[in-house]
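Here are some friendly notes to read alongside the model. Please keep the structure open as you go through the points.

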2 protein chains.
Amino acid sequence: MASRRNRIVMKFGGTSMAGIERIRNVAERVRREAAAGNEVLVVVSAMAGETDRLVQLCREAAALHDPKEYDVVVASGEQVSAGLLAMTLQNMGLNARSFMGWQLVKASGVHGNARVEAVESALLDEALKGGTLAVIPGFTGLAEDGRLATLGRGGGDTSAVAIAAGVKADRCDIYTDVEGVYTTDPRIVPKARKLSQVTFEEMLELAGVGAKVLQVRSVAIAMRENLPLRVLSAFEDKPGTDIVAELSGDQMERNLIAGIAADRNEARVTLTGVPDKPGTVATVIGPIAEAGIQVDMILHAATPDSGASDLTFTAPRASLAQAMAVIEQRKAEIGYQQLLTDDSVAKVSIVGVGIRSNPQLAATMFEVLAERQINLLAVSTSEIKVSALIAESELELAVRVLHSAFGLDSPESKGQAA
Amino acid sequence: MASRRNRIVMKFGGTSMAGIERIRNVAERVRREAAAGNEVLVVVSAMAGETDRLVQLCREAAALHDPKEYDVVVASGEQVSAGLLAMTLQNMGLNARSFMGWQLVKASGVHGNARVEAVESALLDEALKGGTLAVIPGFTGLAEDGRLATLGRGGGDTSAVAIAAGVKADRCDIYTDVEGVYTTDPRIVPKARKLSQVTFEEMLELAGVGAKVLQVRSVAIAMRENLPLRVLSAFEDKPGTDIVAELSGDQMERNLIAGIAADRNEARVTLTGVPDKPGTVATVIGPIAEAGIQVDMILHAATPDSGASDLTFTAPRASLAQAMAVIEQRKAEIGYQQLLTDDSVAKVSIVGVGIRSNPQLAATMFEVLAERQINLLAVSTSEIKVSALIAESELELAVRVLHSAFGLDSPESKGQAA
């Protein structure tokens, strides 16, 4: 019975492409997937260091530079990688060719940070059906104005997933310099375990709170398109982590909590003595959001019967100065007494699809932190995540005790600390 | 009276683009041309060393690599230069943008060594008329197969001239690391003079015999399109050399001879004892030409009444082994006795439009060389050139005495020897 061949997108980052020797290693992995009978598309990043070099040239040319010209300059890095990998594959006797981003990927939005709008899959279909391996530069496409576009730093993952969705691939494999997705940062907890499966939702929450294995945007696209992802090492032959819509049957025994996420990129802002009336939160948070600052936790606690209240929110540290400026401009309108900030806070989160049906997991988290005298400055919950804002100095302790309490510690210490 | 603005193409080579400081220098020259009221297009090469680096990466990837993928890799160098120059011009407050080769230049022929077929001038016209400076990567275009093409090493000059012709430019200025076209190589004759004008024909002959200021192909296109060229220094504010269809009135007093060309890239092949009959030359030279080897001088000298003759021709040294193989394969067919080669020969030529109407110039050349006991191994003449094949060891002496005899020595020694 002739079955349709599997179509697989393999994505390799800059570290995997750093030099001809490593490109040969990539080519060998591609060869194996093709030899296994798959149709293979390869999406590549610029050789490690190359994008930084090009960005630096742009900065030297003009401190404030036109993003359209920035795209022209930096897109060249991925172009070079694609040509070199295609040559290397051909040199191994394989049928391969490169395509350029502008031939395949229609992008929209702003230059330098564009979105993938559509993939011209006909060209690729033709090549793949003819037995040709397609090599595609990640990160680049054609903007609506007919000029080169780039997808923003780290856009290679997003390219790969968008292209995989565009060509209806069966799977998108992201090769990286880690072995997969871990229960937490192994630099904090050497006993962290590699997950064999994690759901899209969990991965989104883990990525969103600091587990930087994958670009958040790429996970969101894969989830929308129901495209299975796999994260695995470009350098070691080990099974990676599958990112899927639902855990498979044999994974049901997996812990209710997939992992513990740590995020140091937090700052806390408190306005004291704001009026305790409807609309106060909107008056403060509205302009902050309009300024493009991502507000995370929001607490509005009224002092009973006083008519006054305190409003606290968290935002990325890098946006703290901008957030303060926005608020100070509106002091009269908002009517607060003091504007207090704290950038020595951090966020610890438990993430897992089990949280949805097990409300006691949140309670367990608070108990565990309380036992260690870790003070909760704020708490937020979602369907599959519970986050606590704590002092940054207590972050590593918090991660370790939660990792242990939720049964995530590896039976044997693997000594994976950096 | 509103007159049409002049439209000028400025071409800058890799040395001129080597680093942001030099790119600023280029931008300043562009600014001045624009400030003078001209519509300006700038064609740029890759930053010095960049093309070599990319070619080396290709070689490491695969000793024999697909020219289509080579084009993808090496075209990136010019792309980066164009983006950086556009940014730099914008940073000076000028209206500028880059275009990509694939947006503008239709190429034909083989990948890695394509020809410019057409220039999509509508996009450029629109930009120029709107007061925008157009920055274009040289050397690259779009092949007939819809993929990136490159024009072969040094193709930047050809790009510039083809684009200038395509947009009906009034002039194409080639900025380089020499100050213009000289009467001979200043490394051989320190008293060499910079020519203020030279005709296309003269330039073709000078370029063809080793004066490597400009790519021969670019001069041929300019001549066909009757597009004035100017060669000038990217680093010094000095008048360069105008390359024109006919010398202007004030140049009629210029020497009859424009310059003395020296070419060490010669080898001599002699077949002794070939039949002295019609068709012998064709039997030998035909297969050589078919093998893509450029034969230059041909001598066929019969020994009276013997029925046998010697056939001598010259070819580039790099092709000598190939030429010998072609001949040895056909030994029976040709019927020669000995195959002799000599790669210690060189060619010295006098070049000038004056030769056409002054046949005695050739005689003068032979006398001057004879006075110095320089033996002529072969001679060839064209409308505006007389060449003599001599021993390579006598080349520099020959150039010096001819330069002096034809009145080309600068009145004052300028010490331009390298």
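1. Phe139(A) sits in the loop that links β6 (133-137) and β7 (140-142) of chain A; helices (H or I, at least four residues) and strands (E, at least two) are DSSP runs, numbered from the N terminus. Phe139(A) is not a glycine, yet its phi is positive, at about 80°. Most residues other than glycine have a negative phi. Is Phe139(A) buried or exposed? Phe139(A) is buried, with 31 other C-beta atoms within 10 Å (buried means 20 or more other C-beta atoms within 10 Å of the residue's own, exposed 12 or fewer, partly exposed in between, with C-beta atoms placed from the backbone).

2. A word on reading the model: it is predicted, local features need pLDDT of at least 70, side-chain atom pairs count only at pLDDT 80 or more, and totals for chains, interfaces and linings use all residues. Residues are numbered from 1 along each chain as its sequence is written, while chains are lettered from A and ligands numbered from 1 in the order in which they are written.

3. Lys168(A) also has a positive phi, near 50°, and is a residue other than glycine. Lys168(A) lies in the loop between α6 (155-166) and β9 (171-176) of chain A. Lys168(A) is exposed, with 11 other C-beta atoms within 10 Å.

4. Now the hairpin. In chain A, β4 (residues 105-108) and β5 (residues 115-119) pair in the antiparallel sense over 4 bridges (pairing requires that DSSP finds at least two bridges between the strands). Lys106(A) stands opposite Ala118(A) in β5(A). There are 6 residues between the strands, and Gly109(A) takes a positive phi near 90° in this hairpin.

5. How do the two chains relate?

6. The contact takes 28 residues from chain B and 28 residues from chain A (residues are in contact if their C-beta atoms, placed from the backbone, lie within 7 Å). On the side of chain B that touches chain A, α3(B) gives the most, with 15 residues. The copies meet through the same surface, because 96% of the interface residues of chain B are also interface residues in chain A.

Notes. Two residues are in contact if their C-beta atoms, placed from the backbone, lie within 7 Å.
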